[in-house]
Amino acid sequence: MCTAISFNASHHFFGRNLDLDYTFNQEVVITPKNYPFNFKNGQSITQHYAMIGMAVISNDYPLYFDATNDQGLSVAGLNYPKNAYYAPSTNAPNEIASFELIPYLLTQCKTVEEVKTKLKNAIITNQPFSPEFPNSPLHWMVSDKDSSLTIESDKDGLHLYDNPVGVLTNNPPFPMQLFNLNNYRHLSPKTYDTLFSETLHLDSYSNGMGGMGLPGDLSSMSRFVRACYTKETCLTFQCVPKDINQFFHILGSVEQTKGLCDVGEEHYEYTIYSSCCDTTTGSYYYKTYDNSQLNVVHLANESLDTQTLLSYPLVTEPAIHHIN
């Protein structure tokens, strides 16, 4: 399962936790402006916006988990099991294979509003990338510095939901996740006077009691509430390094530790990586489960007027700064 966040502070930041019980040996991948895309609907694009994000390269094709283009638009795909529905292909020009959606949008769109226009009559299809990479049941969050959008392809069609919280997790469908926040309208970083009784004296015996009732389990609905609350109440510093650090603390509030989520056969879901892209500069920061040091790949430091994918293997071994 996963959590994605869009966060405005000194810059606009976008990123996610990838929570699974196995890894795809993913890398940070830059797709330059002249890399050719030949989409399943017959559309070919040879000049487009560059992008950076986390992906698996197979047959010289970037299968992105999340990415940001050089215009500041970002997309992340998150697990959406039992609800995601992709239609069989009829070779219509408005079709998009599910594995293509991230590059399809990021090569051509600069803003969330442009994404809405691009997807107005679109159909997400079930054409797989290859037998080794069958379709994953996904929904997506798209963000720019001004707004966010949730994309869900269900049996009753393609839905584009304005996302006012800039957070996405997994099941249930997004409207239910958003409605569930009503159950937590009482949460506050402050501790207020009791409303329980006018006759009983009930003591506030600890700091932080305004947040009592905030769910702490690892279910997707609980993570959605916790990520929204943490993001909405945390401070920003108008300092890029401090705000990036704050972003990773938000993701840390919903990260998964090995051993806490048993998925059977001695497999445990855990946070494989956490990412934060500074969409203002195209700098992609990440940390992995075994290496909590922040690592960064800069889009602007590479020549983008080429056709060749650039990849950077993840730093996964522990790194410890020895003081003495």
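A pocket here is an open set of grid points, on a 1 Å grid over the protein atoms alone, with protein on both sides within 12 Å along at least five of seven lines. By that rule, the second largest pocket has a volume of about 490 Å³. The model is predicted. The largest pocket holds about 620 Å³ of space, and the largest cavity holds about 40 Å³.

**Overall build**

- The protein has five helices and 20 strands.
- The radius of gyration is 20 Å, which agrees with the value near 20 Å that a compact globule of 324 residues would have.
- The C-alpha trace spans about 75 × 60 × 45 Å along its principal axes.
- Of the 324 residues, 50% count as buried.
- Take the contacts between residues at least 6 apart in sequence: 67% of them join residues at least 24 apart.
- Accessible surface comes to about 16000 Å². Carbon and sulfur atoms own 51% of that surface.

**Largest pocket**

- Its volume is about 620 Å³, and 28 residues line it.
- Nearest the centre of the largest pocket lie Phe-24, Phe-65, Pro-134, Ser-136 and Leu-138.
- Strands E2, E7, E8 (74-79) and E11 (138-143) each give at least two residues to this lining, as does helix H1 (101-106).
- By class, the lining of the largest pocket has 21 nonpolar, five polar and two charged residues.

**Second largest pocket**

- The second largest pocket, of about 490 Å³, is lined by 15 residues.
- Thr-191, Tyr-192, Asp-193, Thr-194 and Met-209 are the closest of these to its centre.
- The lining of the second largest pocket divides into six nonpolar, six polar and three charged residues.

**Cavity**

- The count is one cavity of 30 Å³ or more.
- The largest cavity contains about 40 Å³ of space.
- Its lining consists of Phe-14, Gly-15, Ile-52, Asp-66, Ala-67, Thr-68, Ser-275, Cys-277 and Tyr-284.
- Strands E2 (12-20), E7 (61-69) and E17 (270-278) each supply at least two of the residues that line the largest cavity.
- E7 makes the largest contribution to this lining, with three residues.
- Five nonpolar, three polar and one charged residues make up the lining of the largest cavity.

**Shared elements**

- E2 and E7 each supply at least two residues to the lining of the largest cavity, and each also supplies at least two to the lining of the largest pocket.

How values were computed: Residues are numbered from 1 along each chain as its sequence is written. This is a predicted model: local features need pLDDT of at least 70, side-chain atom pairs count only at pLDDT 80 or more; totals for chains, interfaces and linings use all residues. Side-chain values use heavy atoms; hydrogens and water are left out. On a 1 Å grid over the protein atoms alone, a cavity is a set of points where a 1.4 Å probe fits but cannot get out, and a pocket is an open set with protein on both sides within 12 Å along at least five of seven lines; lining residues have an atom within 4 Å of a point. Grid points are joined across faces, edges and corners, and a volume is the space filled by probe spheres set on the points. Helices (H or I, at least four residues) and strands (E, at least two) are DSSP runs, numbered from the N terminus. Ala, Val, Leu, Ile, Met, Phe, Trp, Tyr, Cys and Pro count as nonpolar, Asp, Glu, Lys and Arg as charged, and the others, Gly among them, as polar. The radius of gyration is taken over C-alpha atoms; the globule rule is 2.2 Å times the number of residues to the power 0.38. Buried means under 20% relative accessible area, exposed over 50%, partly exposed in between (1.4 Å probe, protein chains only). Contact means heavy atoms within 4.5 Å. Accessible areas come from the Shrake-Rupley method with a 1.4 Å probe; for residues, only the protein chains shown count as cover.
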